[in-house]
Amino acid sequence: MSHSFPELPYAYDALEPYIDAQTMEVHYSKHHKTYYDKFMVAIKGSPLETDTLRNIFANISSHAPAIRNNGGGYYNHVLYWYCMSPDGGGAPAGTLGNAIQDTFGSFDAFKEAFSQAAINTFGSGFVWLIVKDKKLHITSTPNQDNPLMNAAAEQGEPILALDVWEHAYYISYQNRRPDYISAWWNVVNWNAVAENYEVALAQ
């Protein structure tokens with residue numbers, strides 16, 4: 001079996017006060033785990049059981065909706081968790097920081113553009129910072145799609161993910177998505193994002 005359900009890399013209450021423990025527990029142990037379980041059921045007995053998610057997503061338009069929705073939900077949340085940390089926040093330095101500066105003009109300009117993309121995502125979905133042709137881009141996907149899927153409007157290598165489904169924030173923020181997004185910047189794990197960036201550049 002090449003698909004496993006990873007442990008959350010911190011305690012449920014580690015991201016408080018920005019993301020509350022109840023949200024984290026329900027989001028991880030209920031929503032994320034359900035996506036994983038349903039994905040495993042959808043691929044059971046097929047060659048996809050031992051295929052990589054990258055290969056599955058590259059051909060997602062030829063697979064059943066259950067594979068697309070649940071495989072996306074499984075992968076998207078893994079990246080979302082690992083892009084956050086109780087020691088997060090601030091701004092990236094080094095190669096990633098320079099790339100953000102060069103692409104968007106400043107970190108503040110990037111932060112504003114990313115936040116607006118998240119605020120303006122209609123309904124449920126994810127917002128991403130991706131690497132495409134060695135350049136940084138901000139993009140969004142509906143539902144549990146992601147930029148690795150051949151069905152995505154803009155494809156690329158995801159290095160930062162923000163979940164804007166209501167279950168990611170409703171307990172603390174109700175319908176105040178902008179407040180959740182503003183709080184989320186305090187837990188972004190820029191070390192992890194920088195590592196993802198280096199991997200993406202090397203591909």
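Reader: Where is Pro 17 found?

Author: Pro 17 sits in the segment before helix H1 (21–43). Bear in mind that this is a predicted model.

Reader: And what's the peptide bond from Glu 16 to Pro 17 like, cis or trans?

Author: That bond is cis, with omega near 5°. In general, most peptide bonds are trans.

Reader: OK, switching to H8. Which of its residues are buried?

Author: In H8, the buried ones are Trp 190, Ala 192, Val 193, Tyr 197 and Ala 200. They sit on the same side of H8, because they cover an arc of only 155° around the axis.

Reader: What's on the face turned away from that buried side?

Author: That face of H8 carries the exposed residues Asn 191, Glu 195 and Ala 202.

Reader: How far apart are the end C-alpha atoms of H8, and what span should its 13 residues give?

Author: The end C-alpha atoms are 18 Å apart, and at 1.5 Å a residue helix H8 (residues 190–202) should span 18 Å, so the two agree.

Reader: Let's take H4 and H8 together. At what angle do they pack?

Author: About 80°, with their axes 8 Å apart. H4 and H8 are therefore roughly perpendicular to each other, since 65 to 115 degrees counts as that.

Reader: Which residues meet there?

Author: From H4 you have Thr 95, Leu 96, Ala 99 and Ile 100, and from H8 Trp 190, Val 193, Ala 194, Tyr 197 and Glu 198. The residues of this contact divide into seven nonpolar, one polar and one charged.

Reader: Which residues of H4 are buried, and what covers them?

Author: Leu 96, Gly 97, Ala 99 and Ile 100 are the buried residues of H4. Down the axis of H4 they fall within an arc of 160°, so they line one face of the helix. Their cover includes H5, S2, S3 and H8.

Reader: What follows H4?

Author: Gly 105, whose phi is positive, near 100°.

Reader: Now the loops. What's the phi of Asn 143, and where does that residue lie?

Author: Phi of Asn 143 is near 55°, which is positive though the residue isn't glycine. Asn 143 lies in the loop between S2 and S3, and is partly exposed, with a relative accessible area of 42%.

Reader: And Gln 174, where is that found?

Author: In the loop between helix H6 (170–173) and helix H7 (177–184). Phi of Gln 174 is positive too, near 50°, and at 31% relative accessibility Gln 174 counts as partly exposed.

Technical notes: Residues numbered from 1 in each chain as written. Predicted model: local features only at pLDDT ≥ 70, side-chain atom pairs only at ≥ 80, totals over all residues. Heavy atoms only, no water. Helix = DSSP H or I, 4+ residues; strand = E, 2+ residues; numbered from the N terminus. Expected span 1.5 Å × (residues − 1). Buried < 20%, exposed > 50% of the residue type's maximum accessible area, 1.4 Å probe, protein only. Arc of directions from axis to C-beta. Axes fitted to C-alpha atoms, helices over the stretch in contact; angles between N-to-C directions. Parallel < 35°, antiparallel > 145°, perpendicular 65-115°, else oblique. Contact = heavy atoms within 4.5 Å. Nonpolar A, V, L, I, M, F, W, Y, C, P; charged D, E, K, R; others polar.
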